[in-house]
There are 2 protein chains.
Amino acid sequence: MQALAQSHAFQPVPASHIHANNILNGPGALTTYSADEEIYGQGERAGTLYEVRYGAVRLYRLLSDGRRQVVAFHFAGETFGFEAEGVHSFFAEAIVETGLRKVVTHTNNNINPEMLALALRGMVRAQQHLLVVGRQCATEKLGAFLLDLAARQGDPDRIDLPMTRLDIGDYLGMTIETVSRSISKLKAAGILKLHSLRSVEILKVEKLRQICE
Amino acid sequence: MQALAQSHAFQPVPASHIHANNILNGPGALTTYSADEEIYGQGERAGTLYEVRYGAVRLYRLLSDGRRQVVAFHFAGETFGFEAEGVHSFFAEAIVETGLRKVVTHTNNNINPEMLALALRGMVRAQQHLLVVGRQCATEKLGAFLLDLAARQGDPDRIDLPMTRLDIGDYLGMTIETVSRSISKLKAAGILKLHSLRSVEILKVEKLRQICE
DNA sequence: CGATATTTTGAGCGGAGTCAACTCTGGTGG
DNA sequence: CCACCAGAGTTGACTCCGCTCAAAATATCG
């Protein structure tokens, strides 16, 4: 079990890892990935899109100084893998046990019109992320992040956090300590309740929304 | 694209604010906007895409607390106006005197395949922006911003800054004072040279790239 | 040339980063 | 079943960068 050994060393790929299990081959096939397994790497040839059937995925880039910027999380029902050039500019990894389905992008040389809609949704998501990261206050960032997750996961006040605090920090541009302190602050204010480390309940959605707008 | 024709087009706009002048009507027509004129507003019905022929455009959103997040700048040759929903989620304004051309998105109910490429480029741009804003140090943010502008404007070491310090600050998530201080710092380090407030020369591209990676 | 807006610079303060210690959780094996 | 342990998360002390408020300098426009 490699677990989260990358905690402080963001080595792209652990040497020995179980390869993804591709039950079928081709579009519609379900491929399963275990936690922390790489789906594709920065620099690899792009082309295939993936739809998340279950689990969660993180997209990130490594900076030369060792820092890591998580650019997106993806959950069940969402599609990722878009690239403008022919090469992936990010790493994609499964956060937990995850099932992916390859998406058909072309049908006999014609671009599937649904691709445009998906690409646009991806752009809006990135811009939305920008609005969150651009905020100044750490608590605001975290609150906005939680509200976004709640909306995407369907349940308005119960949130599943498959990712670690480090993932959240690298996504929001803050340290794990600050992530933790922000959670504690919202907890102390009676806005959040943690059922476990990875399961959050929003007790006062409106109050949180006020803070994060 | 005819590179930097807008280089010195930043002359103060005639005071008598001429309203956008639409010479023709329909795709291919050139519409001109004076400085600070609105192109479209948040909430307006979307649908049309615009290609910048000359000048510069800012896209931004207003937050309820009065702050403003600039999500993108667009220069000659770039296309903007994409939306996932049918409504614009941002304001678009001309920064200086700007000429826009409407882009044909559909040809008899078929999506122009080039749209997908443009949308993808927009998404990558937003993710790139994210990497910059996610950086911690203010000087790094500014440096990365300048390197991005240099690459987009064609000239590797001469940059036009049609936007104000406030625009830059709202784009990078920092105050105008910090923007100014960061510029001064890079100037003191011999990395930048200001020919005017709106014209920057990068003296040591490599050194700047080291800082900002 | 004067009036206004923009930019720069300065002083002080607060929030987030850093370093470090401690606690909690889940998994393993005796 | 429980003791143990490694990794994850929390909390505390301190520092420093960037925000705030304020004022000076520069640019722009009538």
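1. At what angle do the axes of helix α3 and helix α4 of chain B cross? In this predicted model, the axes of α3 (residues 165-172) and α4 (residues 176-188) of chain B cross at roughly 100° and come within 8 Å. Axes are lines fitted to C-alpha atoms over the stretch in contact, with angles from 0 to 180 degrees between N-to-C directions. α3(B) and α4(B) are therefore roughly perpendicular (65 to 115 degrees). Helices are DSSP runs of H or I, at least four residues, and strands are runs of E, at least two, numbered from the N terminus.

2. From α3(B), B:Arg165, B:Leu166, B:Ile168 and B:Gly169 meet B:Ile176, B:Val179 and B:Ile183 of α4(B). Contact means heavy atoms within 4.5 Å.

3. Now the chain pair. Chain B puts 33 residues into the contact and chain A 34. Together they bury about 3,200 Å², 70% of it on carbon and sulfur atoms. Buried area is the accessible area (1.4 Å probe) that two parts lose on being put together, summed over both. In chain B, B:Met123, B:Leu130 and B:Leu131 lose the most area to chain A, together 19% of what that side buries.

4. Two salt bridges link chain B and chain A (side-chain nitrogen of Lys or Arg within 4 Å of a carboxyl oxygen of Asp or Glu). One joins the side chains of A:Glu140 and B:Arg67 at 3.5 Å, N to O. α1(B) gives the most to the side of chain B that touches chain A, with 17 residues.

5. On conventions: residues are numbered from 1 along each chain as its sequence is written, and chains are lettered from A in the order written. Local features need pLDDT of at least 70, side-chain atom pairs count only at pLDDT 80 or more, totals for chains, interfaces and linings use all residues, and side-chain values use heavy atoms, without hydrogens and water.

Methods. Parallel < 35°, antiparallel > 145°, perpendicular 65-115°, else oblique.
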